[in-house]
Amino acid sequence: LKFEMNEEDHLAHYRQKPVEEMTNELLADYISGLIKNDQTELAETLVDRLNSFSTKRHVAEQMQLALWEKSKKYEPIVGYFQNLHKQNIRISAPQNERLIKAYLATGNFQLANQLIDQVVKHLVYQFVNQFVNQSIN
C-alpha cells in the first residue's frame, strides 16, 4: 500500500530486522521490491550477503536471476539453467518462462521453440491427466 501511495521510502519496514532473521519469503519480497525500484546496488549487496547463509542460498540464486533479468544480462541466466540441466535438476514453470525469455534475448530461437514445445506438451499432459482423474472419481 505504501508503494501505491507513492511514499518515498516504502521499503523502510523491511529494514527493521537483520537479514539473517528475515524469513526467506520476506527477503525475496524485499529484494524484489529493491529491484523493481531500481535499487539494484543494494539488492546485489543483499544477494551477496545471502550467499554466505546456506539456508538462504536458494533465495540468493532466484534474486540473482531477477537482477540479471533487470539488467538485461541474459547469458548468465542461460548458463545458470544449463548448469541445472547438466545436474538433471528440473525447473519450474516460472523458471522455464525466464529461460525462454533469455533464449529469445540471446538469439537462441531454436532452443526457445524447443522449450516452448516441451512446456506446452507438459501442460496438455497435466490437463488430460487431471480431466481423466476427475472423470474416474
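This section describes helix packing, nonpolar cores and selected residues in a predicted model.

Two packed helices are described by the angle between their axes and the distance between the axes. Helix H2 covers residues 40–50 and helix H3 covers residues 57–70. Their axes come within 9 Å and cross at roughly 150°. H2 is therefore roughly antiparallel to H3, since angles over 145 degrees fall in that class. The crossing of H2 past H3 is left-handed. On the H2 side, the contact is made by Thr40, Ala43, Glu44, Val47 and Leu50. On the H3 side, Arg57, Val59, Ala60, Met63, Gln64, Leu67 and Lys70 take part. By class, the H2 contact with H3 has seven nonpolar, two polar and three charged residues.

The next pair is H4 and H5. Helix H4 spans residues 74–86, and helix H5 spans residues 93–105. The axes of H4 and H5 come within 9 Å and cross at roughly 130°. H4 and H5 are therefore oblique to each other. H4 passes H5 in a left-handed crossing. H4 contributes Tyr74, Ile77, Val78 and Phe81 to the contact. H5 contributes Gln95, Arg98, Leu99, Ala102, Tyr103 and Ala105. The residues of this H4 contact with H5 comprise eight nonpolar, one polar and one charged.

H5 also packs against H3. The angle between H3 and H5 is about 30°, with their axes 12 Å apart. H3 and H5 are therefore roughly parallel to each other. The crossing of H3 past H5 is left-handed. Gln62, Leu65, Ala66 and Glu69 of H3 meet Gln95, Arg98 and Lys101 of H5. Two nonpolar, two polar and three charged residues make up the contact of H3 with H5.

In soluble globular proteins, nonpolar side chains tend to be buried together. The largest nonpolar core of the model holds 18 residues. Within this core, Tyr30, Ile31 and Leu50 touch the most other members. Helix H1 (24–36), H2 and H3 each supply at least two of the core residues. Leaving out residues up to four places away in sequence, Tyr30 touches Leu11, Tyr14, Arg15, Met22, Leu42 and Leu46. A second, separate core has 13 residues. Among its members are Tyr74, Leu99, Ile100 and Leu115.

Ala43 is found in helix H2. Ala43 counts as buried because its relative accessibility is 0%. Apart from neighbours within four places in sequence, Ala43 is in contact with Ile31, Leu34, Ile35 and Leu67. Of these partners, Leu67 belongs to the H3 side of the contact with H2. Between Ala43 and Leu123, the C-alpha to C-alpha distance is 34 Å, and the separation in sequence is 80 residues.

Asn96 lies in helix H5. Asn96 is buried because its relative accessible area, 13%, is under the 20% cut-off. Neighbours within four places in sequence aside, Asn96 contacts Ile91, Leu115 and Val119. Leu115 is also a member of the second core.

Glu20 lies in the segment before H1. Its relative accessibility is 38%, so Glu20 counts as partly exposed. Glu20 touches Arg49, Phe53 and Lys56, residues up to four places away in sequence not being counted. Glu20 and Phe53 are 33 residues apart in sequence, yet 8.0 Å apart in space, C-alpha to C-alpha.

Most residues other than glycine have a negative phi. Asp38 is not a glycine, but its phi is positive, at about 60°. Asp38 lies in the loop between H1 and H2. With a relative accessibility of 54%, Asp38 counts as exposed. Asn88 likewise has a positive phi of about 60° without being a glycine. Asn88 is found in the loop between H4 and H5. Asn88 is exposed, with a relative accessible area of 69%.

Notes
Residues numbered from 1 in each chain as written. Predicted model: local features only at pLDDT ≥ 70, side-chain atom pairs only at ≥ 80, totals over all residues. Heavy atoms only, no water. Axes fitted to C-alpha atoms, helices over the stretch in contact; angles between N-to-C directions. Helix = DSSP H or I, 4+ residues; strand = E, 2+ residues; numbered from the N terminus. Parallel < 35°, antiparallel > 145°, perpendicular 65-115°, else oblique. Left-handed = near helix turned anticlockwise from the far one by under 90°. Contact = heavy atoms within 4.5 Å. Nonpolar A, V, L, I, M, F, W, Y, C, P; charged D, E, K, R; others polar. Core = buried A, V, L, I, M, F, W, Y, C linked by side-chain atoms within 4.5 Å. Buried < 20%, exposed > 50% of the residue type's maximum accessible area, 1.4 Å probe, protein only.
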